[in-house]
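Visitor: Could you walk me through this one while I have it open? I'd like to start with the aromatic residues and then move on to the packing.

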Amino acid sequence: MNRSLIKKAAVPLLGLAALCFCTEISARKLVILHTNDTHSAVEPAADGTGGALQRKAIIDSVRNAERDVITVDAGDMVQGSLFFKYFRGDVEYPLMNMTGYDIRVLGNHEFDNGMKDLAEQYRKVKGCPLSANYDFSGTELEGIFKPYVIKKVGGKKIGFFGLNVDPVSLISSKNIDVRFKDIIPVANETAAFLKKRKKCDLVVAVTHIGYTASNGKTTDVDLARASRDIDIIIGGHSHTLVDPAHPEKYPSLIPNADGRPVRVVQTGKYGRYVGKLTVDLDSLEGADGEDFAYELIPVTDRFPEEKLDRAMINFLRPYKEVVDSVDSRVIGRSLYDMSKGKGHWGQANLTADFGLWYGNHKADSIRAAGNNMPRVDLAIMNVGGIRQDMHEGDITEGQILSTYPFSNHFVIMELKGSDLAEAMKVAARRGGEAVSHNVRVLTDAEGNYLKMIIDGKEIDPDHTYCVATIDYLAEGNDDMVTLANHKKLWTDEVEVAAPILRWFESQGETGLPIAPDPTPRFLKAISL
């Protein structure tokens, strides 16, 4: 008989046994609570979801109800709100300590302020920071991270190890200095070591590599399929909500190399959910992913203020006052909702159009000063650099600073058409990027790049174009590696948020509402 059928058939018998012999049986279970990609969402969103205080209340309520609880975060706990923009982690890292996380791995955005800053923060981190495939030898982070940790619970050994994303073309080279080791070989070696040498009863990989694919890089699904000794994968990076109620979209059970199901979990983004895994410690021998119950706990405003952590409230108060003062200053108004989740390209288009205008504004100033500078032909911005949606209604200073939080700078560069086309091939594969109003990128029915049109003319691979973009993309990051084959003509002295904020303010002062073109600029070609 199929083993899963045996397990199902055994449930009534086990229930009867528990009923008859409850004084003799004491089931021991482990609860693993996990989060990922909270991205500085310290306060709840406009719809009341998320927030550090409510998340702490949920975790505490589970701790009060359960004997054995381990808390895990799978990275990118920073970057995405004014709390990080202004205070550089001095809010988020203490909050994570106050919440009591036991195990942590790095996300890519933890490196946004560089490794020296990261090392200063992580020297104060409570719990166990893990990384099995980043070699920090000779750097500020040497000695801070362990490849694995073993937790002993109820007489069982639970092995956790950490895995990090390939930083190439993702993390700016000026912010990271690490020797990256390939994920699957390291994972299989570490998991086998924990299972066979250390005799762990359960092996858990905590990863920040993503559930879904990005330019061919290894994912949690790839890892699960290539593994033999991993039982659970707790992931982050791709912002995927692996919902057990809808397994048809993102399955939580993935067969490994031996056909045994691995439980793969992730909670989306912005701390809207806490994941809960329940492991029966008395039945670990022969158990697989199907045996580990998994659910998502929504983080809402269910707990009244008197139930929230008073120490955390007091800690947040002075930081919140600063953020609230910036968030309350209205500088403009949007005519409609530009949420990316609704398929609206207005915000991306606005950003790229501003880049083209600003690039030519600076080019004009340089020429007026008697220096050579060509006109800017087009602008490219990355959608991933736009971190918040712009909704209909008032726009505040804080919203703009949170929407463009990164320490990027506008640049003007010269680039061959062939290199530009290669970058657009990458952009097309992931559904498009932010390009200026004079650009259209045509794809086939599957979204593969066909051609690029600039000012009504197909791109000339041998022509040199003048492009406005940001230094992050000019380095070849975001997988658009050929953009690095450029000649840089100018770099702005201020971060991108500064001129964008000034522009929004000028629009508001003149009474002009924000109403950019909402239509996509990556289009499927027609056949004639």
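Predicted model: local features only at pLDDT ≥ 70, side-chain atom pairs only at ≥ 80, totals over all residues.

Visitor: Okay, so is Phe180 buried or partly exposed?
Guide: Phe180 has 22% relative accessibility, so it counts as partly exposed, while Tyr134 is at 6% and therefore counts as buried.

Visitor: How many aromatic pairs are there?
Guide: The count comes to 19 aromatic pairs. In one of them, the rings of Tyr134 and Phe180 have centres 6.3 Å apart and planes at 70 degrees, so this pair is edge-to-face. Because Tyr134 lies in strand E5 and Phe180 in strand E8, the pair ties together parts that are 46 residues apart in sequence.

Visitor: And which residues form a cluster with those two?
Guide: Tyr134 and Phe180 form one aromatic cluster with Tyr93, Phe111, Tyr122, Phe136 and Phe145.

Visitor: Switching topic, why is helix H4 described as largely enclosed?
Guide: That is because 6 of the 8 residues of H4 are buried, among them Tyr93, Leu95 and Met96. The elements covering these buried residues include helices H2, H3, H5 and H8 together with strands E2 and E3.

Visitor: What comes just after H4?
Guide: Gly100 does, and this residue takes a positive phi of about 90 degrees.

Visitor: Last one: which residues have the most contacts inside the largest nonpolar core?
Guide: They are Phe111, Leu420, Met424 and Met452, in a core of 109 residues. Helix H9 gives the most to this core, with 8 residues.

Methods:
Residues numbered from 1 in each chain as written. Heavy atoms only, no water. Buried < 20%, exposed > 50% of the residue type's maximum accessible area, 1.4 Å probe, protein only. Helix = DSSP H or I, 4+ residues; strand = E, 2+ residues; numbered from the N terminus. Contact = heavy atoms within 4.5 Å. Core = buried A, V, L, I, M, F, W, Y, C linked by side-chain atoms within 4.5 Å. Phe/Tyr/Trp six-rings, centres within 6.5 Å; stacked < 30°, edge-to-face > 60°.
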